[in-house]
Every structure is written in C-alpha cells, then in structure tokens.
Amino acid sequence: MKISQLIVTTLCLGLGGAAVYYSVDQDKVMNLLLAVHGGGPNVEDGNATGLRKENQELERAAAQISSERNDAVKQTEQSQNVMNDQHAQRDDAELVLRNHQRELADVQAKVKEAQANIEQLRNAFNEALEQLNASGLNFSISPGQSYMEVLEQIKTLIAKEQAREKKLAGELKDALAKHKAAAEKLYGEKLELARATRTNTAFFKEYTKNDDEYVIDAVDPRWNYVCFNVGMDSGLIVGDTTSLQVRRSDNSVAPLRIRSIDSGEVIADYDPKKLPGGIRPQVGDVVFRIKPQGR
C-alpha cells in the first residue's frame, strides 16, 4: 500500500470517527434541549415541563386574551350600535321637541289673540251696558253672574224692547193713517171754505169779472196750492197749456199750474223751489194769465 493511500485511509477513518462522535454529541445536545423545553414528542402535553410548558401557558393565555379581545370587540360594536340608536332617538326627540315648540308658539299666539278678542268683547260688553243704562232701561248685573247669564238677560230685554217697538210701530202706523184721513178731510173742508169765501165776498167777485186777472181767495202753504174764481167761460185749461203767474204789487211771486177747474173755481199749485226767498202766495195776490205774444 502506498503511503498516500494510507494517509487517505487514515484521514477517512479519522473523519468517520469524528462524525460518529459528533453525532453522539448532537444526540446528547438534542436530548438536553428537549429536556429543557419540556420533553420530546413522546411526552404528553400535560406532562410537559420547562419552555414547552411555558409555551403552552403562553398559548392558553394568548387564546384567552384573543377571546376576551373578541368579546370586547363585540361589546364595543354592541355599544356603538346602542349609541347610534341613542343618537337616532335623540335626533327624533329633538325633532319632536322642535315641533312641540312650534306648536306651543302657535298655541301661545292663538291664546294671545283670543285674550285680545276677549278684551275687545269685554269693552264692547261694557259699552253696551252703558248704552242700555243711558237709554233708560236701568239694566244691572248681579254679583257673581256669568257672561252667559248676562247675555241671556240682555236677549230677554232686547226681545221685550223689540215687541214694544213693534207695538209702537203699529200704533204709529194707525196714527199716520188717521192723520192722512184727517188731512184729506181738512183738504176737502178747505176747498169748501174756499168756495164759500169766493161766493160770499163781493170784493173778490168784482175782480173775477176780469178775464185776464184773478184774485187769490184761499191759500194752503202746506200743500202748496191756491184757489181763485175765473167765472164759467174763462177759457183756462187744466195742465201746462195755460201760463199763470202770481203777482204782488207788480212783482212776480210764482208761476202756477192749474190742477182743476170746477164751476169756475180754479185750484192751482206752485213749486216752492221757484219762490223768492221768504215770499209765498197769500190771499189777495193777483193771478194773471200770460198771453202769447202777438195776441
């Protein structure tokens, strides 16, 4: 055998022995590490010790922490949901509150307006009471009477007054009818008086002989008419055909319009609006006929 081969063989044997020794040492190291960490795969978890046991405890603690964290997250989410619900309820409550505030403001405004109306009604009521007392009705309010009772009392009083006024209106109507009948009777009597006066007064007969001028023998300033006699064949015509004028001392007093002619007696009326200030036809005034031009 060559020396080189021997050296190589020696080196191989040395290396192999070193490898075997290293392997044995590694096993010892591994076993030592396993012992330190709590045992190898053949050791159950419950029997583990050392670092393995601590690792197991750490894992259990981490799992508990993770569970608690998850529970805390869920509680946080639930709290957030509750808080969101509470915010929504608060917003709804604020909206309802604002609506109630607006409604309250409207009610307060209506109450204020109603109070103003009540004050106006109270003033009007007091004025009405003063007017009732001023009219002589002697209306009074008993202590403790309500407004409704007072109103009913006023209604009763007004009903009585209306009945009394209705009765008075009927009596007034009857009185007016009697007055009208008396006036018509008086008018007829005045006509008869005018006829008698005209017939019995020689002075007036002398003036009536003149075909163009006639003397007034009766005047009724209330009914705005005069009476005078013109004879049987005067040629005068009822209406606006014949123009007549009342004259006093050569001054014109008023134009006349013939209303009727009966047996030579003329009744003519005048317009008081056409009379001079403070002057009216009177007995003794002269009536003359205005002749057409050229006659």
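Guide: Welcome! Tyr-214 and Phe-228 are both buried. Please keep in mind that this is a predicted model.

Visitor: What does the chain consist of, in helices and strands?

Guide: It has 4 helices and 7 strands. Starting at the N terminus, the order is α-α-α-α-β-β-β-β-β-β-β. Of the 295 residues, 19% are buried.

Visitor: Which parts of the chain does the pair of Tyr-187 and Tyr-225 tie together?

Guide: Tyr-187 belongs to helix H3 (residues 147-200) and Tyr-225 to strand S3, so the pair ties together parts 38 residues apart in sequence.

Visitor: Is Tyr-187 buried or partly exposed, and why?

Guide: Buried needs under 20% and exposed needs over 50%; Tyr-187 has a relative accessibility of 23%, so it counts as partly exposed. Tyr-225 has 2%, which is why Tyr-225 counts as buried.

Visitor: What kind of aromatic pair do Tyr-214 and Phe-228 form?

Guide: Their centres are 5.9 Å apart, with 20 degrees between the planes. Planes under 30 degrees apart count as stacked, so Tyr-214 and Phe-228 form a stacked pair. This pair links distant parts of the chain, with Tyr-214 in strand S1 (residues 213-215) and Phe-228 in strand S3, 14 residues apart.

Visitor: What makes Asn-229 count as buried or exposed?

Guide: Asn-229 has a relative accessibility of 14%. The cut-off for buried is under 20%, so Asn-229 counts as buried. Asn-229 lies in strand S3 (residues 225-229), and its side chain reaches the backbone nitrogen of Gly-231 at 2.9 Å. A polar contact needs the atoms within 3.5 Å, and 2.9 Å meets that distance.

Visitor: How many residues of S3 are buried?

Guide: S3 is mostly covered, with 5 of its 5 residues buried. In a regular strand, side chains alternate between the two faces of the sheet. On one side of S3 are Tyr-225, Cys-227 and Asn-229, on the other Val-226 and Phe-228, and all of these are buried.

Visitor: Which strand pairs with S3 over 3 bridges, and which over 5 bridges?

Guide: Strand S2 (residues 218-220) pairs with S3 over 3 bridges in the antiparallel sense. Strand S6 (residues 265-269) is also antiparallel to S3, over 5 bridges. Pairing takes at least two bridges, so S3 pairs both with S2 and with S6. Across from Tyr-225 in S3 stands Asp-220, while Phe-228 stands opposite Val-266 in S6.

Visitor: What do S2 and S3 form, and how many residues lie between them?

Guide: They form a hairpin with 4 residues between them, and Asn-224 in the turn has a positive phi of about 60 degrees.

Visitor: Where does the charged end of Arg-247 sit?

Guide: It sits over the ring of Phe-288, 4.8 Å from the ring centre. The distance cut-off is within 6 Å, and 4.8 Å meets that cut-off.

Terms used
Residues are numbered from 1 along each chain as its sequence is written. This is a predicted model: local features need pLDDT of at least 70, side-chain atom pairs count only at pLDDT 80 or more; totals for chains, interfaces and linings use all residues. Side-chain values use heavy atoms; hydrogens and water are left out. Helices (H or I, at least four residues) and strands (E, at least two) are DSSP runs, numbered from the N terminus. Buried means under 20% relative accessible area, exposed over 50%, partly exposed in between (1.4 Å probe, protein chains only). A polar contact is a pair of N or O atoms within 3.5 Å; within protein, one must be able to donate a hydrogen and the other to accept it, and residues adjacent in sequence count only if both atoms are side-chain atoms. Rings of Phe, Tyr and Trp (its six-membered ring) pair if their centres lie within 6.5 Å; planes under 30 degrees apart count as stacked, over 60 as edge-to-face and the rest as tilted. A charge sits over a ring if NZ of Lys or CZ of Arg is within 6 Å of the ring centre and within 35 degrees of the ring normal.
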